[in-house]
Amino acid sequence: MFLHLGLTVSLLLLLLEAGVSAISREKREYENGDKYLLGVGKADVTGPVVEIGMMGYASLDQKGTGLRQRIFSRAFVVGNVDKPSERFVYVIADLQSGDTAIRNGVLEKLQSLYGDLYTQSNVALVGTHSHAGPGAWLNYLLPQVTTLGFDSQSYTAIVEGIVRSIQRAHESTTTGYLSLGKGLIQDANVNRSPYAYEANPEAERSRYEAIGGEVDKEMTVLTFKKEDGTPMGLLNWFPVHGTSLYLNNTLIAGDNKGAAALSLEKDIGGSFVAGFSQANVGDTSPNTLGPICQDTGLECKYEDSTCDGKAQQCMGRGPAFRISDTESCRIIGEKQYQGAKNIYQSTQTPVAGDDGVVRSFHTFVDFGAPYKFKLSNGSEATTCKAALGFGFAGGTTDGPGAFDFTQNDPGAPKNPFWLLVRNLLRTPGADQVKCHEPKPILLDVGEMDTPYPWSPNIVDIQLLRIGQLAIIVSPGEATTMSGRRWRAAVTDELDKLGIVSKDDSWTVLGGPGNSYTHYIATPEEYSIQRYEGASTMYGQHTLDAYIDLSRKYARYLAASLPSEPIPAGPSPPINTNNSISFITGVVQDSPPIGKKFGQVLTDVQTSYSKGQTATAVFVGANPRNNLRLEGTYAAVEKNDGGSWTRVRDDTDWNLVYKWKRTEGLTGQSQVTISWTIENPTTAGTYRIRYYGDSKALIGGKITAFEGVSGSFTVA
């Protein structure tokens, strides 16, 4: 009897313990939010760093001459634990934007690797909007003009790098939890078109004073952690243009967001991946001290950012403009890195909703058809075939335009001579002119298809959702107020449909993604026709059309999907196989007579102090011979008891690789590697190593070589 009683008591205690354990586990999982399949991955996408036009400022003169910091693709996979095929991947790459041809190439390779697991619906490809990367990889003719066409090496490096980052994210997937946090990042962005921003209703503007007023200063951070709490990575959204490095910069880099990402990854260490995504970036600038007339030191004209009637001298100033744009870039990157880290380390909100359901949708819509819809007041609205206005050629205070083009040029252009020039390319018809009013059309790109389309008329519409977080993937650069209206509309629609309560909702906007459709200004900003309005390609109702489509398809973010599939829409043209190129390849490399590749021409000094720059010059070869993806052109090595250990490489901001052709016919060149020695550097003995690859004239064989400087001490 006592034995049975003892067994009974023991069983009751075991059941009680199991129950408590189950309750505790359920409580812990509830506190952590819903469980997801999570994966993160990172890969090098650094294309040719010399002799290729750079992408962002659209300047024929801005060609790469070397490398400041490698650029990367970072992929974040989120999947449903109970239904692993239900997933999406958000890719943030150190590129000017997403692109139709790049995304198509990525999807084709993913199809061959994973079948239908990654598709149009669930792959989002967003650029950090850096203006410091190689160009010549975009799908349409207009952005190819200033890079002398399309370059397959540049394109392939990006496609293969993005796929590699997704593969690594896919292979790292494990169960884990997501959480959200917010915080203000001060002194990292300003509005470069405040005159246009002020055209928006005052009552609307006043609602956003707490998060920055003229720009959004709020960063949203999504943290990825394994089930055991091990950190995997984070993805954040914060709007600031990738224009810290000016138009005269010719060293490849990821600008401020690329620098921020690498800094945070090195700080946390291990395999941690940090994605710094853009948000409503359109009218933001990292040049936080504002614009000034460089020739006189006076303020620029407020309405159109001119100096004595011209735009060229009106330039924005970064926080360290008296030192260099490079230092300003480092500072803006540092502010984002430290801001993201602080939010990451603070108390966060678990991601939860619908027991871990993951939703995504994508469709193509032809805005040139046009797309017709009703505005909120019931009136009819329509989009237009793409066109860019005269204010587009006026540029911005981050990169002023040419000739006598200016911003804020609505109605008839100030100089009718440019109408004659415009008409040599294409004269827009009366319907197109009326559709775009009050924009005076400079480039009627949506109706220019020779030799292939100049700009997209077909746009991407894509939204993603996990729990209470909705992600808008914008194909263009939404201005500050455009992003706010778009986010608010999606939040309202999800609440109206009962998908996510407005009180719990987090809605972010990432872009420019999947394609590049220039800018998305509000109708009020459009009427001013500063750069952002003039670059809003589909007319004054561009933003309204994106909002209408987001509302229309928001039901596809519900846990219970509609019975009818979302329409795929018309496919955009892919121009990779018929793109023009006037870019010449590498013919040969040769060393000077009596020299060999990698030989030191100018050696380092024997000693340096912290803050000084160690420099070595080598007999070089064209780096286009080998992109050295996942590798390095330059390295600093430290002597540790007789053996040399690499302590710096191409991912370090202060180690700079420069290439210079010294003789064209025989292909002679020099490479200069310089290391600005940081204050925390450990005292010791160091040397610089150069990794190069030469091309033979006959047969074209590529041969790797190395060069090593003399050793030097750092006190």
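Q: Which cysteine forms a disulfide with cysteine 300, and how far apart are their sulfur atoms?
A: Start with the general idea: a disulfide is a covalent bond between the sulfur atoms of two cysteines. In this predicted model, cysteine 300 pairs with cysteine 314, with the sulfur atoms 2.2 Å apart. Cysteine 300 sits in the loop between S15 and S16 and cysteine 314 in strand S16, so the bond ties together parts that are 14 residues apart in sequence.

Q: Is that link left-handed or right-handed?
A: Look at the angle about the S-S bond. Here that angle is 115°, and the link of cysteine 300 and cysteine 314 is right-handed.

Q: Are cysteine 300 and cysteine 314 buried or exposed?
A: The cut-off you need is that buried means under 20% relative accessible area. Cysteine 300 has 13%, so it counts as buried. Cysteine 314 has 1%, so it counts as buried too.

Q: How many disulfides does the structure hold?
A: There are 3. Another one joins cysteine 293 to cysteine 307, S to S 2.1 Å. Its torsion about the S-S bond is about -100°, so this disulfide is left-handed. Cysteine 293 lies in strand S15 (residues 290-293), while cysteine 307 is in the loop between S15 and strand S16 (314-317). Cysteine 293 is buried at 4%, and cysteine 307 is buried at 9%.

Q: What does cysteine 384 pair with?
A: Its partner is cysteine 435, and their sulfur atoms are 2.0 Å apart. This pair links distant parts of the chain, 51 residues apart: cysteine 384 is in the loop between strand S20 (380-382) and strand S21 (388-389), and cysteine 435 is in helix H11 (residues 430-436). With -90° about the S-S bond, the link is left-handed. Cysteine 384 is buried at 2%, whereas cysteine 435 counts as partly exposed at 21%.

Q: What is the pairing if I number the bonded cysteines in sequence order?
A: You get 1-3, 2-4, 5-6.

Q: Now for helices. At what angle do the axes of H2 and H4 cross?
A: In general, two packed helices are described by the angle between their axes and the distance between the axes. For H2 (residues 100-114) and H4 (residues 152-171), the axes come within 9 Å and cross at roughly 45°. That makes H2 oblique to H4. The crossing of H2 and H4 is right-handed.

Q: Which residues of H2 and H4 meet?
A: Among those in H2 are Ile102, Val106 and Leu110, and H4 contributes residues including Ile158, Val159 and Ile162. The residues of this H2 and H4 contact divide into 12 nonpolar, 3 polar and 2 charged.

Conventions:
Residues numbered from 1 in each chain as written. Predicted model: local features only at pLDDT ≥ 70, side-chain atom pairs only at ≥ 80, totals over all residues. Heavy atoms only, no water. Axes fitted to C-alpha atoms, helices over the stretch in contact; angles between N-to-C directions. Helix = DSSP H or I, 4+ residues; strand = E, 2+ residues; numbered from the N terminus. Parallel < 35°, antiparallel > 145°, perpendicular 65-115°, else oblique. Left-handed = near helix turned anticlockwise from the far one by under 90°. Contact = heavy atoms within 4.5 Å. Nonpolar A, V, L, I, M, F, W, Y, C, P; charged D, E, K, R; others polar. Disulfide = S-S within 2.5 Å. Buried < 20%, exposed > 50% of the residue type's maximum accessible area, 1.4 Å probe, protein only.
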